[in-house]
Amino acid sequence: MTIDIQTEAGRLESALNALAEQTGYQIIVFSEDAGPHHSAALNGQYTLESALDALLAGTGLEYRFVNARTIAVAAPWRFSPPRSPEPRPEPSRPVPQPKPSLLPPPEPDRALRQAPVIVSALKRDEELQDVPAPITSFSAPELELSGLQNLRDVARLTPNFVGSTFNNTQPIFAIRGGSNTFSAIATSKPIVIYVDEIYLPRFSSADFDLFDVERVEVLRGPQGTFFGRNAAAGAIILTTEAPSLDTFEARFSAEVGNLDAYGLRGSLNGPLSDDFAGKLSLSRVERSGYGRDLLSGREQDDLARTSVRGALLWQPNSRFEALLSADYASDRNGGRTLSVIGQGDRNRRTSQLGIDQRFERAIFGGSLRLTYSTPAGDWISITGARLSESDEAFGFSGLNFALLNSGFQQVDHISESPSSLTQEFRFVSTETGTFNFVAGLYLLAEDSNRIVDRERFAAGAGRLIAELRVDQNVETEAYAAYADGTWRLSDTVDLTAGLRYSVETRTASLDFNDAMLPTASFSSSGLDESFDALTPRAALVWRPSEDATYYASATRGFTAGGFNTEADTIEEFSAPFGPETITSYEIGAKFNLSGRRGYLNLAAFHQDYDDKQEFVLTPDTGFGTIVNAAEATLEGVEIEAGWRLNDVVSASLSYGYLDARYDDFRIGDGPGNTGNRLGSSPRHQFALGLEGEWLLLEGRAQLYGRTDISYTDAYFTGATNDPDLLIEGYGLFGGTIGLRSADGGVALELFGSNLLDEDYVLIPSDFVVQSEYLGPPRLYGVRLRLKR
């Protein structure tokens with residue numbers, strides 16, 4: 001029987017949904033397989049099978065009758081045995097059917113398959129094992145079960161990625177040794193962070209709760225072609241959960257834990273009409289501090305955080321969609337516990353600062369993503385705005401002036417308010433034929449202000465010996481054009497090449513006020529400098545089978561130049577520093593093992609770090625500034641693997657080896673730091689994870705859990721390789737175990753992090769006295785989850 005079928009050209013999944021409505025059949029679509037594909041329009045008389053054949057032509061996907069009224073569409077490997085060629089009854093009349101969200105339960109011989117992981121790091125949705133680049137991806141369930149609360153937690157399970165913090169407004173991230181610790185507002189980091197494809201202008205707004213996040217992707221190595229400025233060492237991509245037009249879902253969780261901790265989280269997500277869907281998520285988390293100031297009695301390292309996210313999706317037809325998103329977050333605490341070493345009560349979680357430390361921050365963001373699909377590809381526009389305001393007062397030196405025998409106590413009060421507007425236009429071609437590509441234009445306007453009020457109190461009586469205010473402002477305009485294409489040279493060999501051209505102009509102003517020495521004060525405004533860079537990418541890929549991918553690549557990224565807006569002389573401020581670059585040469589291989597029961601990913605890299613930006617003291621003046629002072633070589637190996645041990649337990653392993661050294665970092669007439677290891681560059685990192693699910697009560701309940709063990713080798717925090725600034729190697733152990741109903745509607749979990757209560761250092765300090773700031777102690781609790 002033939003019937004009249006009409007579907008629009010566009011996304012394959014939308015066309016299959018339209019076919020289901022017109023035929024009365026239930027068509028189950030595996031979104032991860034169908035998502036990247038498009039179909040031509042249908043308009044005429046078709047049988048069900050001929051319509052399916054026409055829509056799936058050229059996609060590599062197949063269909064299978066699950067029963068007389070239900071069809072599944074997915075990649076061929078998901079079907080065992082192949083679909084039956086026997087004829088199926090045709091519908092007597094169209095009866096619309098809802099589209100279910102999951103495929104039917106897998107056959108026994110499919111139970112040991114690793115589920116495919118979809119990433120969008122290279123500007124199109126692809127299966128992780130097919131992407132010729134080193135990417136680590138964490139899904140929402142993995143983030144929850146592993147207890148990954150922030151990017152510092154993500155780092156400990158990612159090869160050659162280090163996360164630490166100096167203070168609340170200065171988190172420290174390093175990928176393969178690429179990092180800096182500059183705080184001046186007219187400086188940049190060599191790692192970019194994107195939330196829903198919107199760039200975060202400052203790391204002061206990056207240390208947030210991983211709440212309502214669908215996945216986190218960490219790209220290691222230069223990403224200059226796709227992400228441009230400040231992606232010299234890598235990129236961190238966070239994607240939040242999008243509204244669903246298919247099903248309604250309500251979720252709620254409540255937790256309590258040690259240190260008087262509690263957390264409440266909830267979300268609503270689903271269709272508002274045939275064309276509209278919405279999402280609203282809220283979170284509130286509080287915890288008492290795990291540190292205390294002995295002199296003031298104030299609590300430190302506590303937490304109070306509120307987060308809200310909302311989104312609206314409009315999809316009037318299969319060709320067009322608009323996604324409007326907004327978010328807000330606020331947090332506060334009593335500052336960090338900077339503990340002096342070898343004095344006082346010798347408790348590593350108490351300080352003797354005697355000051356009113358505090359931290360408050362508010363983060364705002366919004367974006368509008370427009371997508372128009374054609375048979376040739378997708379036209380995408382992404383408009384975004386980010387704004388954050390933070391205020392922090394903290395002890396820079398680790399002991400109160402009354403307890404010092406010499407020197408001084410320094411107290412900093414920092415207010416920071418970065419804001420940015422971004423616009424990206426992108427075209428992503430359909431993956432058909434021998435050539436596909438991504439091309440785009442990118443624009444950024446950033447206006448950021450930072451005020452540092454600094455006081456120094458002399459040892460003993462606490463006489464005020466310095467009172468400074470450093471008022472910094474920088475305006476940045478950046479433009480870029482990029483293109484990246486892939487040629488299919490044969491059935492097994494692809495060649496990829498890409499190029500991005502970036503232009504950036506920075507205009508900086510500085511008011512330096514020295515209340516104790518007015519003659520040292522100065523003011524300068526309107527200082528501007530322009531920078532441009534070409535960042536290419538090339539990769540040769542060989543796929544001898546669907547389970548093996550080999551690649552060799554060369555990529556480059558750059559960190560923008562700028563001004564030292566925390567300089568204490570007008571000469572230092574007036575001398576701009578140039579961009580730094582990292583060029584990476586890499587070989588890698590990705591394997592699906594034993595019919596996708598496991599995977600193994602390998603990468604080896606050699607990276608040249610040129611014109612590295614460093615803060616350097618001038619020996620003859622005693623002053624310091626930021627200059628392009630160093631050359632370095634970064635070499636290493638990365639391994640990631642996973643295996644389904646049986647139908648209930650799986651294991652994962654990651655390992656990173658890094659040798660990052662300065663080839664040339666001279667200071668004055670001496671060798672300086674030449675030959676030293678780069679800061680935040682541990683030689684070894686590894687993580688081991690175990691995850692399992694067991695049916696109980698004849699399938700009416702499920703026991704599940706995950707545990708992770710990680711180890712980070714010793715590393716220095718600076719280029720001098722000072723033994724007093726060495727962080728000793730440490731290991732962390734945590735996990736989750738829970739019991740849930742068969743439908744997942746109710747779950748009860750026990751969770752914990754740093755369960756062995758390891759005292760590990762986030763940052764050491766030798767400023768006046770030896771001090772240290774420890775990471776969180778053992779944290780644990782119980783959580784109730786509800787889902788409908």
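Predicted model: local features only at pLDDT ≥ 70, side-chain atom pairs only at ≥ 80, totals over all residues.

Trainee: Is Ser288 buried or exposed?

Mentor: Buried. Its relative accessible area is 17%, and the cut-off for buried is under 20%, so Ser288 qualifies.

Trainee: Which residues is Ser288 in contact with, leaving aside neighbours within four places in sequence?

Mentor: Leu259, Asp260, Glu299, Asp301 and Asp302. With Asp260 there is also a polar contact between the side chains, at 3.0 Å.

Trainee: And how far apart are Ser288 and Gly781 in space?

Mentor: 14 Å, C-alpha to C-alpha. In sequence they are 493 residues apart.

Trainee: Switching to cores. How many residues has the largest nonpolar core?

Mentor: It has 39 residues. Those with the most contacts inside it are Val154, Ile193, Leu210, Val216 and Leu238. Several elements each supply at least two residues, among them helix H5 (151–156), strand E13 (191–195) and strand E35 (598–617).

Trainee: What does Val154 touch, not counting residues up to four places away?

Mentor: Phe138, Leu143, Leu148, Phe161, Leu210, Val216 and Val218. There is also a second, separate core of 31 residues, including Phe396 and Phe563.

Trainee: Now sheets. What's the strand order in the open sheet of five strands?

Mentor: E10-E15-E16-E13-E14, with mixed pairing.

Trainee: Which strands stand at the edges?

Mentor: Strand E10 (135–139) and strand E14 (198–199). Each has a single partner strand, so one side of each is left without a neighbour in the sheet.

Trainee: Which way do E13 and E16 run, parallel or antiparallel?

Mentor: Parallel, joined by five bridges. Ile191 stands opposite Gly234 in E16.

Trainee: What about E36 and E37, how many bridges there?

Mentor: 14, in the antiparallel sense. One of the bridge pairs is Glu640 with Ser654 in E37.

Methods: Residues numbered from 1 in each chain as written. Heavy atoms only, no water. Core = buried A, V, L, I, M, F, W, Y, C linked by side-chain atoms within 4.5 Å. Buried < 20%, exposed > 50% of the residue type's maximum accessible area, 1.4 Å probe, protein only. Helix = DSSP H or I, 4+ residues; strand = E, 2+ residues; numbered from the N terminus. Contact = heavy atoms within 4.5 Å. Pairing = 2+ DSSP bridges. Polar contact = N/O pair within 3.5 Å; in protein donor to acceptor, adjacent residues only side chain to side chain.
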